[in-house]
Structures are given as structure tokens and as C-alpha cells.
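Subject: Structure for your files

Hello,

Here is the structure we spoke about, with notes on what turned up in it. Please read the notes with the model open.

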Amino acid sequence: MADGKGDGPMEKIVVGLMSGTSVDGIDAAIVKIKGYGMDSKVDLLHFSTMPFEETLKREILDSMDIDLSNAASICSLNFKLGKKFADAVRHVCTEAGVPLDVIDLIGSHGQTIYHIPNGSDLYTKSTLQIGEAAVIAHETNTMVVSGFRAMDMAAGGEGAPLVPYTECILYNDPKKNRALQNIGGIGNVTVLPKGMNLGNVFAFDTGPGNMVMDELSLRLKGSPYDPNGQWAAAGIVDEEMVAEWLRMDFFSKAPPKSTGRELFGKGFTDAFLRDHGHKPAEDLIATATYFTAASIAKSYQSFIFPKLKIDQVIIGGGGSYNSTLMTMLRKLMPDVDIGTQEDIGFSSEAKEAIAFAVLANETIHQQAVNVPRVTGASSSVILGNITLPPGGDHKKILQKAGK
């Protein structure tokens, strides 16, 4: 254990933290990582989710609303979430029976509250994730890597998606062309050609994931999500409405592209309910669920299938647990083998938290891990900001981290 708190040289115990656009809570994964780069060996030791209290969730959602947010509330929420992320680290360590002081590194994605992938006369191209890293480092006495998206945007990229590099490490199959479809708040896909290298990988956001159907479930049924898609299964889809949505500019724009609540958030749901709120709740939820499935299928038909025959689609994220959504996807893409992370021995829930543990490990080894053809950046860059813990020999900490 001369080279760290892990079991051997080049080995580290890293906690990855992720709070996505669904704003359900904080996902935390304890990961053992040996080495770095494409030779990394990654093992999930434990995963947990610490849900947000309803009042905090509302505070986060309000901070994303251009009409409700203000500088003071965002300033306060940044530190409040830093404390919550630190609590999530302690929570996952307690559940796993892992002492906090064996954790070498924390990779925190933070909470995105606004994302502007394309600039305008009014707003500069930019992104903002909050959850103060200094608070996490102070509370856990552990080095933190955070702010992964900013450097890619500084290099001209959209700051998303960032997980393709980690997916190359974890999911490449020499015999299969794979598409890794994440369905969190937003949907995104990474395409891994068989025998690929990073230069062949491409990825982009496909549109809404759970965001619209979750918001409808909350407003119409008092539940933060549709359990196993049961309400969608009981409803009737308005296919004309979905066809109209699919004519939005986002769906015709070629990758690289990314999106978020600025397009499919509260304003989108408000407009849908204003025009169609007289219909049964099940019909509205079914339509939103079909919209997610149809937007994924359209993205594949427009931007993936013309380039590559896909042998296997692997679904991750909360959407993989919605059986109605999965059924819709299989009907829309009948010629493709569609399964879940669990079908290949991984965890749908833990995928993104693991990714940010891996990205943090790459940062401290000074590896450029964005994929320019995916994000649109002008060059490969090192991602993330390093925040050192308050005590100890910082020179020694940095030296050890790089080993």
C-alpha cells in the first residue's frame, strides 16, 4: 500500500458523485480504479442514491427557472449542495462499511442548473454546475475534482456529452457495434464501433429522457415518476402531438449537440398542459413517454443507422426501469437487440457516478479525455478543477495522486 490507500501500485479508491437533470437526488459510487487511460481496470464496490428532500428539490428546480432564480439563491444553493454532496460521500461509505479516510479522491459532477450549448446576442455559450467543491473537500478531508464541463466549452465544445471516454474503457466489445443509450432527465447516446478507437466514437444528446414524463407524473399523480410505466401503459398516445414535437429544430440538427431543461424543462411541460391539460393524465404521460422513445428512434434513424449497423443497444439510467418505455423502444426499432446495463453485468443506476469517478482519476493523471468530434471542441483538453483538502502536505497529496 505504498502508493496509496488501495491494495497496490496505481490503485485508488474513488467516489463518483452525480446529480442529473431529473433532480432525484445524489448518486454516489465507490469505485476501485487501477491504472488510467484505456488500460484502466474499474470495479464498482458500492452504489447508493441519497434522495433530495422535496423542499431542496424545489429550490434546485427554481434555480433553473430564469423567472424564479436570482444571484443570492444560487450563491446559497451552491454551498448547500456542497454540504449535501459531502453527506452523500459519508452515506455511501457508511452503507459500504468503507472508512472515509481510505477514499483517495472524489469526482463530483455537481448539479447543472443551466446549460447554454450555443451562444446568442444575449447569452454567451456557457454551462453552470453548482455544489461547492471546497465544501466537499473540507467536509471529507479529501481531494475533489469538479467542474468537468467548463474546459471543453472553453475549447469551443458544448461541454457534453463527457462520458464517451469512460464508455470506451468500460463497454467496448471487439465483436459488436454498440450504442449506449442513457435515459436520465435527458437522453444521450454513445456509439462504440467494434474494434474502435476514440477517433471512431461519436455521441450526442437524443432529446428528452425522463424529464417531461416525470414532471407530468408529479403534477398529475403526485409521484416523482411513473412506477414501471404503469400510467403510460394505461394511456393513449397522441401521435400527432409527438410528430409535431419531433419537428423541433433540435431533432434535425446534426451532432454534435446537447440539450437540457432550457428546452425540455418546466416551460415545455407548462405549454403541453396549457394546450392539452383537459385530457386524462394517463394519456398525457403516455404521450410524453412515447415522445422519449420516438426521439431516441428518430435520432438513431437520422444520425446513427446511416453510418453504422448497430448490433446492440444498451439502455442505462432511470428510464431502463420503465417497462412501457422499453416496450415502445423495441417496437420502434424492431431490428435491433435492445437490453439494459444489467443484461451485461453492469448497473443502470450507477453508470454516470462511475463515469465521474473515472474522469476524476484521469484528471489527476493529466489525461485529455473529452472527445472533440463528440462535443465539438477544437482540441482534446484535460477536464476538471482540483480542490485540495484543508489539511496535510499538499505536495505529498498531489504526488501520491499522480502515482
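What volume does the largest cavity have? The answer is about 80 Å³. Please keep in mind that this is a predicted model.

Cavity

Searching the whole structure gives 1 cavity of 30 Å³ or more. Its lining consists of Thr21, Ser22, Asp24, Lys57, Met211, Asp214, Glu215, Leu218, Pro224 and Arg261. Helix H6 supplies 4 residues, the largest share of that lining. By type, the lining of the largest cavity has 5 charged, 3 nonpolar and 2 polar residues.

Helix pair

H6 also takes part in a helix-helix contact. Two packed helices are described by the angle between their axes and the distance between the axes. For H6 (residues 211-221) and H12 (residues 281-303), the angle is about 170 degrees and the axes are 9 Å apart. Angles over 145 degrees count as roughly antiparallel, and H6 and H12 are therefore roughly antiparallel to each other.

On the H6 side, the contact is made by Val212, Met213, Leu216, Ser217, Leu220 and Lys221. On the H12 side, Ala281, Glu282, Leu284, Ile285, Ala288, Thr289 and Thr292 meet them. The residues of this contact between H6 and H12 comprise 8 nonpolar, 3 polar and 2 charged.

Sheet

The sheet to look at is an open one of 5 strands, in the order S9-S8-S7-S10-S11, and its pairing is mixed. Strands S9 (202-208) and S11 (337-340) stand at the edges with a single partner strand each, so one side of each has no neighbour in the sheet. On average, and with direction ignored, neighbouring strands of this sheet are turned by 20 degrees against each other.

Strands of a sheet pair through backbone hydrogen bonds, either parallel or antiparallel. S8 (residues 186-192) and S9 run antiparallel and are joined by 6 bridges. Isoleucine 186 stands opposite proline 208 in S9. H12 packs on the sheet, where it touches S7 (178-183), S8, S9 and S10 (312-316). The direction of H12 makes about 150 degrees with that of S9.

Backbone

Most residues other than glycine have a negative phi, and most peptide bonds are trans. Where are the exceptions to check in this model?

- The peptide bond from alanine 160 to proline 161 is cis, and its omega is near -10 degrees. Proline 161 lies in the loop between helices H4 (150-154) and H5 (164-171).
- The peptide bond from proline 255 to proline 256 is also cis, with omega near 5 degrees. Proline 256 belongs to the loop between helices H9 (249-252) and H10 (261-264).
- Valine 23, a residue other than glycine, has a positive phi, near 55 degrees. Valine 23 sits in the loop between strands S1 (11-19) and S2 (25-34).

Regards

Key: Residues are numbered from 1 along each chain as its sequence is written. This is a predicted model: local features need pLDDT of at least 70, side-chain atom pairs count only at pLDDT 80 or more; totals for chains, interfaces and linings use all residues. Side-chain values use heavy atoms; hydrogens and water are left out. Axes are lines fitted to C-alpha atoms, for helices over the stretch in contact, and angles run from 0 to 180 degrees between N-to-C directions. Helices (H or I, at least four residues) and strands (E, at least two) are DSSP runs, numbered from the N terminus. Angles under 35 degrees count as roughly parallel, over 145 as roughly antiparallel, 65 to 115 as roughly perpendicular and the rest as oblique. Contact means heavy atoms within 4.5 Å. Ala, Val, Leu, Ile, Met, Phe, Trp, Tyr, Cys and Pro count as nonpolar, Asp, Glu, Lys and Arg as charged, and the others, Gly among them, as polar. Two strands pair if DSSP finds at least two bridges between them. On a 1 Å grid over the protein atoms alone, a cavity is a set of points where a 1.4 Å probe fits but cannot get out, and a pocket is an open set with protein on both sides within 12 Å along at least five of seven lines; lining residues have an atom within 4 Å of a point. Grid points are joined across faces, edges and corners, and a volume is the space filled by probe spheres set on the points.
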